[in-house]
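Subject: Handover of a model

Hello,

Here is the structure I promised to pass on. Please open it first, then read the notes below.

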Amino acid sequence: MPTTPNAQNPAEDAQDPGAGAPEGSGGTSLLTRKADRIDRLAELMGPRDDGSGGAGIWLTAFRRLRRSPMAISGAVVVALFVLVALFAPLIAPYSATAQTWGGEVFPNQNIFVGPRAENWLGLDNLGRDQFSRMVIGARQTLLVGVVATLVGFGAGALLGGTAGAAATLGGRWGALIDNVIMRVIDMMLALPTLLLAVTVAALVGPSLTTVMLAVGIAQVPIFARLLRGAMISQGNRDYVVAARALGVRRHKIALTHILPNSLGPVIVQSTLTLATAIIDAAALSYLGLGNPDPSFPEWGTMLADAQRFLSSAPQLAVYPALAIIVTALGFTLLGEAMREALDPKLRK
Amino acid sequence: MLRFIVRRTLQLIPTLGGLSILLFIWLQRLPGGPEYALLPDDATEEQRAQLRRSLGLEEPLTVQYVRFLRNILQGDLGTSLQTGRPVVEEFFTRFPATFELALTAILIAVTVGIPLGYLAARRRGGVLDFAAVGGSLIGICTPVFFLAFLLKVVFAERLGVFPSAFRLSPGLNRTDLSGFVVLDGLRTGELDVVWDALMHLALPGLALASIPLAVIVRMTRASVLEVLDEDYVRTANAKGLQRRTVRGRHVLRNAMLPVVTAIGLLTGSLFAGAVLTESVFAFPGVGSFVYAATQTRDYPVLTGFILLIATMYVLINLLVDISYSLLDPRVRAQ
Amino acid sequence: MFTKSSRKPLALLAAAASVALLATACAESERDPAADSSAPFVFASAGDIKSLDPFLASDGETFRYSRQVYETLLEHESGGSEIVGGLAETWEQSEDGTEWTFNLRDGVLFHDGDELTAEVVCANFDRWHNLTGAWQSSNNSYYWQTIFGGFAENEDEGLPDSRYVSCEATDELTAVITISEYSSIFPGGFSLAAFGILSPTSLETIADAEITGEEGSYTLPDYTSEPGAVAGTGPFTAQEWNRDQAEVTLARFDDYWGDPAGFETMILRAIPDETARRQALEAGDIHGYDLVAPADVEPLVEAGFQVPTREVFNVLYLAFQQETSEELADIEVRRALAHAVDRQRIVDTILPAGGEVATQFHPDTLDGWSEDVTTYDYDPELAEEMLADAGQEDLTLDFCYPTEVTRPYMPAPRDIFDVISQDLESVGVTVEPKSFEWTEYVPNTDSGECSLYLLGWTGDYNDAYNFLGTWFSVKNDAWGMDEPELFDAMAEASGNPDPEERNAAYQGLNEQIMDVLPGLPISSSPPSIVFAENVNPPEVSPLTQENFSEGSWKED
């Protein structure tokens, strides 16, 4: 249950407590501390390398990533996962839902079928090919993760972007809008993401959409905070000041200059969020708030459902559990490595 | 110092007030309104209307909000749909169990996590460092409920070392003073009860500790690394101060600041984790009650739980802030 | 220097490890079987009780508790389904079946010292009959309404007239209960645990007890959660109800009229998860539990636990709601679906040993079971053909199943759902899965929320009407079936006081029902119960009505 941003962004950067929150953060300082970590990430596109421009940062970051074993192992896992997910129907040898070998498995007598020539990972408790389920499951898992991240990013970008743009460009009213939005965001940050997700899911009722929405909504405050911070740190940069001096219209500055330049931290956070989304989705499935169709293979559902066979057929739980752990680990490693690469402070 | 505490406390008011507004809006947004959750699905339109009236749902929103707030302030979170008893009472009777569990988890995480993180930092790049960092990453990525099941199958079912469920063995004679089993046992001198309770806390405590442990190891390691590199540590070393003094006074003390923060921040997630852990171990605390509430959409319990966690989170952060300011005078000046 | 400072944490770790080792050693020595005969017997059930007064309950877990504490006029024989005397030693029914005379046992004492008399029995029945207000909600008096219909003064027009007329104490130990018309639910109805007899002092103290709150969120009166507030006559007294631990403690009642209970103390503890129940038994935390997962039976027997076999007394079915999905109103479609489901596979791979495919809506252990009902063999090709003939090649149906629950007739709802929906999909039906938690599931299926759903029934007493009449006596939202002929035949059969004629009528009804096919009976299977090695278990009951006073610790 990595439900805190601490888990997603373990604070490699032990901030100086005196540094405080950036201006306009509004809320009480105790809440901003959780937010500081997000803000730190947001500032990563900060005022260094100013002369060389955006591309330079990316290039150096990429060079650094190439040399980091953490990044490479993370990238390999992620790439493998995405490839399997994309080509799942081609890879899976059998249907993931057909109970083709239903007559060979007797869960009521503890008779299960392990790995064999035709079924590489054996059969599940209803006589379905476990390997095919794992492969198709990868696709569903990726779908849940991506949609949840998109939901979180979309709503977060809207909120954070508005707040950030208002704070940078808006004057007095802007500061007020920023303040109001950020108060709300800070309060949402105070709740553990899983708890947010559980309450959303419990009230809407179990379905796959619910899981994606619930996990996504839980990520909104993080993205909002992040985008706002990124925009503010960009907003004070020389080129923005220059553009404003030249009389470029405000919303145009926000759209053409600030937003594209804020993308770095977003990509990092999205990578980390994907890991959380996969794990939180599994937790929701365990709580019975996941997809009500049990034949639909998704790793979280498979894991939650296989718990009861843990002593008689542990492999049924171990496969999806390992898959979840390794995939989440892959995303986390890649995300952490990217952040380190972007953050000069962490590279001492 | 006092002024600092007062200021911090006053700052809580808008935060909690805002949270109550969010919760209120959220309740309004329930599909079909709050009465949906209270009535069976086949309730007639008439029954709905009557319930709406009796709940005061026909009045203006502002009036409703004021009443909502007043109820909360009077400690009235409504009645649980599952048990028909007040939510506050339900939480109150179950809270000691969860508190003991959360405390166990934090103790495990701190006593193992801080030394481990410190050692990892001291021997950066070594085997221990690699294991600590790798282990904590894996810990973060492992679904808690799976870990809990694994612990249960191995230690309770296979090895029989620890009990598999509950908070106490059935039929144990004990004097109930406060609901805090361990504390009561110590006060009355019923050491068998204390022992029994600790055995029951071991596995769920360990499962719940996994995330905080991982976070604390990483925090401590990062923090110590950072401090080791600070000028004052170099100066102290150069001055020829005893390494022991340097480590004790300079490194550990300064490195602990962010770790203390992290522990405070973890409380909220501990309670969320308790929902999963307690349900696996049938541990009779707030978590397993909320788990049941998610199953039955017991919305007074769910909203109550959110409020409870948010309030606790905010209060614990206040404590963290204060302990912070004791550790670091700069914070007070800020 | 390095070593000096790092020793501390390492020492800590070592200390922690040694504590853990110590813990192991102690724990093992503690797990020796309880030699002490006064040790509490701990039995795990699947859920906590709802109320200490069984009248307000309708769930098996509350009745499991209440059967140990309260007794009814009639009971079932130990380990069987025959009706025998309970508080009444003997009983008679009048020719037309409306007058029931109960000859009570002499010398029966309540837990509070009161004596059992015919007047006490009548006072109990009169109290139930005269309940008002929220007591009249079916949530709070389900079984009264099932057996006796309504109340003295019905407050809801929807309630039927009360079938209860009067109760008269003709002498000290003779009570005569008069009902308005005979029904086959008698005498079985008098054995229902909800009608446990309370002491006169208790009746007085609870006379003014009120249920507050709205429909759906009732607050039960305080006495229902205060152990000892209402006294019964059973072999145990309720000592403590710890809601937080979901634990009820019962103590032996020394002045019990029959054989005293074998256990001095008995604890009923709720463990909802079946895996957790097994683990608790294996870890020695409990000494028995009900609803053993089929897969656990073999390993438990091998490990030395006792798993006595119950007789089969339930049925699991797949309901076809004919109004929720109009397509299901077509008998050909229902028949096609019946042929599409491989019930044998469910019995072979999911249900416990001893389970059988059901051919009709009650198990063959009941009189009235017919050999000549229409059967529907698994034949997916035929099913596909029939669907095509009915013009329903693209049939889409929603299909509900309950989550987080095991029922005596349904050990793994999700798996059973999975198998059936796969079978349906393979004959071209599109299944839309819906799941509900159990407490939501039952009202939802009852109100016609689901086109297809899984549900079942465990008999309360030995009469076919307890099964068939529950579902098919009137048109209702659970089935959406409108077959006036069938309903009339049902009423006629159950109103016939002659047992032989009645059973013949039930056989005819079973045949008629399986032609109409309102749903597909899937299986009847014995739910397993398990006890630790050092326990002399009570006789297990097909009705899951074990009398735990029969159990005791084995002498070494």
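**The sheet in chain C**

Chain C holds an open sheet of 4 strands, in the order S4-S5-S7-S6, with antiparallel pairing. Strand S4 (88-93) and strand S6 (164-171) of chain C are at the edges. Each of these two has a single partner strand, so one side of each is left without a neighbour in the sheet. On average, neighbouring strands of this sheet are turned by 20° against each other, direction ignored. Please keep in mind that this is a predicted model.

Strand S5 (residues 99-104) and strand S7 (residues 174-179) of chain C pair in the antiparallel sense, over 5 bridges. One residue pair to look up: C:Glu99 has C:Thr178, in S7(C), as its bridge partner.

A helix also belongs to this picture. Helix H3 (residues 118-129) of chain C packs on the sheet. Helix H3 touches S5, S6 and S7 of chain C. The direction of H3 makes about 165° with that of S6(C).

**Domains of chain C**

How is chain C divided? Domain 1 takes three segments, 36-70 + 234-310 + 528-555. Domain 2 covers 72-199, and domain 3 covers 314-524. The centres of domain 1 and domain 3 of chain C, taken over C-alpha atoms, are separated by 32 Å. Their contact takes 11 residues from domain 1 of chain C and 11 residues from domain 3 of chain C. What classes of residue does domain 1 of chain C bring to the side that touches domain 3? That side has 7 nonpolar, 3 polar and 1 charged residues.

**Chain A**

Chain A is built from helices: 14 helices and 0 strands. Of its 348 residues, 62% count as buried. Now take contacts in chain A between residues at least 6 apart in sequence: 73% of them join residues at least 24 apart.

In an unreviewed entry, the annotation "transmembrane region" covers residues 71-92, 142-168, 266-289 and 317-338 of chain A. I can describe two of these stretches in the model.

- Residues 71-92 of chain A are 91% helix and 0% strand, with the end C-alpha atoms 29 Å apart.
- Residues 142-168 of chain A are 100% helix and 0% strand, with the end C-alpha atoms 36 Å apart.

That is the handover.

Best wishes

Notes:
Residues numbered from 1 in each chain as written. Chains lettered and ligands numbered in written order. Predicted model: local features only at pLDDT ≥ 70, side-chain atom pairs only at ≥ 80, totals over all residues. Buried ≥ 20, exposed ≤ 12 C-beta atoms within 10 Å, placed from the backbone. Contact = placed C-beta atoms within 7 Å. UniProt positions renumbered as here; feature names shortened; annotations may be inferred. Pairing = 2+ DSSP bridges. Axes fitted to C-alpha atoms, helices over the stretch in contact; angles between N-to-C directions. Domains from an automatic or database assignment. Nonpolar A, V, L, I, M, F, W, Y, C, P; charged D, E, K, R; others polar.
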